[in-house]
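Here are my notes on the model you sent over. Have the sequence and the structure open while you read.

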Amino acid sequence: MKKPMIALTARIGDFQGQNRIFDNQTYFDAVALGGGIPALVNYGSDEDYEVIAERFDGLLVTGGEDLDPALFHQLAHPSVEVTDPRMDTLDLELIRRFAAKGKPILGICRGIQSINVAFGGTLIQDLNTQYPAMRPAGHQQHKAEPKPAMDAPFHDNTFVEGTLLYELFGPWHAVNSFHHQNIDRVADGFVVSSWSEDGLAEAIEKDKILAVQWHPERLTADPSHRAIFETFVRQCQK
């Protein structure tokens, strides 16, 4: 069967004084391991976004920095590190266009936040000050100090029966979340399929869209996490 082409959303960062366009190698490796062909796509015009959505079989919305809170009609918290607005546009335009064409979408870390905002949801901008369940110094799960290794799970999530993630993980599994923001109001039509131990929504699903707050691309040695990419690629082949 023909391998599907998967678009990975580019990120913009400073490297030796110059902007660079990149995605971490782990995203490419995970898609390839799942049986797809990953390709980086950059910001552009409306016409470019439409061509990308037409030509690629699926979309992976990758991790990164904060979204502009203006996108969900809020003033920015002092902790927000707003990045290049072209990155916000890239994510939201591609999410909406791939969804309109009924093509599979997988979101990771910032990706779940972009997907939620793209469909009208909102975010907790700063977990340490805006989420009542957080300890004053930051919960070990979400803002651990010193920062745990990103390629090892370090807290447990529960999974909701009847969802795709429950099929892959069962009732609970260890994950590796690194974030200071999170979903607040879930976008209409989505169901929460995973919860952290302190009550944060860490995964949402709808039709051919799956998004997780943690980093499964760094845990592909684990069969359940690898299955996220295998399932995504199979959906992109149909």
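The points below go from the overall picture to single residues.

1. First, the ground rules. This is a predicted model, in which local features need a pLDDT of at least 70 and side-chain atom pairs count only at pLDDT 80 or more, while totals for chains, interfaces and linings use all residues. Residues are numbered from 1 along each chain as its sequence is written, and side-chain values use heavy atoms, with hydrogens and water left out.

2. How confident is the predictor? The average pLDDT (the predictor's confidence in each residue, from 0 to 100) is 89, and 90% of the residues score at least 70. Watch residues 135–141, though, where the pLDDT is below 50. That stretch still has 12 contacts in the model beyond near neighbours in sequence, a contact being heavy atoms within 4.5 Å.

3. Overall make-up: the protein has seven helices and 13 strands. These are DSSP runs, numbered from the N terminus, with helices being H or I of at least four residues and strands being E of at least two. Of the 238 residues, 53% are buried; that means under 20% relative accessible area, with exposed being over 50% and partly exposed in between (1.4 Å probe, protein chains only). Among contacts between residues at least 6 apart in sequence, 67% join residues at least 24 apart.

4. Now the largest nonpolar core, which has 27 residues. Such a core is a set of buried Ala, Val, Leu, Ile, Met, Phe, Trp, Tyr and Cys residues joined through side-chain atoms within 4.5 Å. L59, L94, F98, I105, I115 and I204 touch the most other members. Elements giving two or more residues include β4, α2, β5 and α4, but α3 gives the most, with five. Apart from this core lies another, of 24 residues, among them Y27, F28, L168 and V212.

5. Helix α3 deserves a look of its own. Residues 85–100 make up its 16 residues, and from first C-alpha to last it reaches 23 Å, close to the 22 Å expected at 1.5 Å a residue (the expected span being 1.5 Å times one less than the number of residues). Its buried residues include L90, L94, I95 and F98, but also D88, D91 and R97. After the helix comes G102, with a positive phi near 70°.

6. What does L59 touch? Leaving aside neighbours within four places in sequence, its contacts include L94, I95 and F98, along with I105 and F232. P38, in strand β4, sits 21 residues from L59 along the chain, with 9.4 Å between their C-alpha atoms. P38 is partly exposed, at 21% relative accessible area, and touches I6, L8, F28, V31 and A32, not counting residues up to four places away.

7. Strands β8 and β9 run antiparallel and are joined by four bridges; two strands pair if DSSP finds at least two bridges between them. Across the pair, N157 has H173 as its bridge partner.

8. Most residues other than glycine have a negative phi. H73, in the loop between β5 and α3, has a positive phi near 60°, as does C109, at about 60°, in the loop between β6 and α4. Buried or exposed? H73 counts as exposed because its relative accessibility is 75%, while C109 counts as buried at 8%.
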